[in-house]
Amino acid sequence: MKKKKSVTRSIRDEANEVLNKIEHDLTRNSYKSIVRRYIEYCRKEFNVKSLEDCKGYIQVYCDSLDARGLSASTVHTYCAAICKVFNV
């Protein structure tokens, strides 16, 4: 019997379908890591059940990165990766 995927794993797999289309290896791997952390944040803070549910928390997450004192360019990179998944 096949083991059922966790919700987090299912969400991450769905996001990776979009990110796997990025040709540059370094960018693709960096974006995957960023999006993985974003999904973990959404699961922990808001108990989301789908990738679509995560979409509503992009601004909240980006604000939290800024509040942590990350540089503007780092926050931009993180937000760009997340927005790539949602095509926003």
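The model is predicted.

## Salt bridges

Side chains of opposite charge can pair when their charged atoms come close. The structure holds three salt bridges.

| Arginine 9 | Aspartate 13 | 3.6 Å |

Take the pair in helix α1 to begin with. This helix spans residues 7-19. Arginine 9 and aspartate 13 sit four residues apart in α1, so about one helical turn separates them. Arginine 9 is partly exposed, at 41% relative accessible area. Aspartate 13 is partly exposed too, with a value of 24%.

Helix α2 covers residues 25-46. Arginine 28 and aspartate 25 both belong to α2. They are three residues apart, so the spacing is about one helical turn. How do the two partners stand in terms of exposure, buried or partly exposed? Arginine 28 is buried, because its relative accessible area is 16% and the cut-off for buried is under 20%. Aspartate 25 is partly exposed, at 45%.

Glutamate 40 and arginine 36 also lie in α2. Four residues separate them, about one turn of the helix. Both are partly exposed: glutamate 40 has a relative accessible area of 35%, and arginine 36 has 29%.

## Aromatic pairs

A pair of aromatic rings is described by the distance of the centres and the angle of the planes. How many aromatic pairs are there? The count comes to four. One of them joins tyrosine 41 and phenylalanine 46, whose ring centres are 5.8 Å apart. Their planes stand at 75°, so the pair is edge-to-face; the cut-off for that class is over 60 degrees.

Tyrosine 41 is buried, with a relative accessible area of 18%. Phenylalanine 46 is partly exposed, at 30%.

Which residues do the ring pairs link into a cluster? The members are Tyr38, Tyr41, Phe46, Tyr57 and Tyr61.

## Helices α4 and α5

Two packed helices are described by the angle between their axes and the distance between the axes. Helix α4 runs over residues 58-67, and helix α5 over residues 72-86. Their axes come within 10 Å. The crossing angle is roughly 165°. That angle is over 145 degrees, so α4 is roughly antiparallel to α5. The crossing is right-handed.

## In brief

Three salt bridges are present. Arginine 9 and aspartate 13 pair within α1, and arginine 28 and aspartate 25 within α2. Glutamate 40 and arginine 36 are likewise in α2. Ring pairs join Tyr38, Tyr41, Phe46, Tyr57 and Tyr61. Helices α4 and α5 cross in a right-handed sense.

Technical notes: Residues numbered from 1 in each chain as written. Predicted model: local features only at pLDDT ≥ 70, side-chain atom pairs only at ≥ 80, totals over all residues. Heavy atoms only, no water. Phe/Tyr/Trp six-rings, centres within 6.5 Å; stacked < 30°, edge-to-face > 60°. Buried < 20%, exposed > 50% of the residue type's maximum accessible area, 1.4 Å probe, protein only. Salt bridge = Lys/Arg side-chain N within 4 Å of Asp/Glu carboxyl O. Helix = DSSP H or I, 4+ residues; strand = E, 2+ residues; numbered from the N terminus. Axes fitted to C-alpha atoms, helices over the stretch in contact; angles between N-to-C directions. Parallel < 35°, antiparallel > 145°, perpendicular 65-115°, else oblique. Left-handed = near helix turned anticlockwise from the far one by under 90°.
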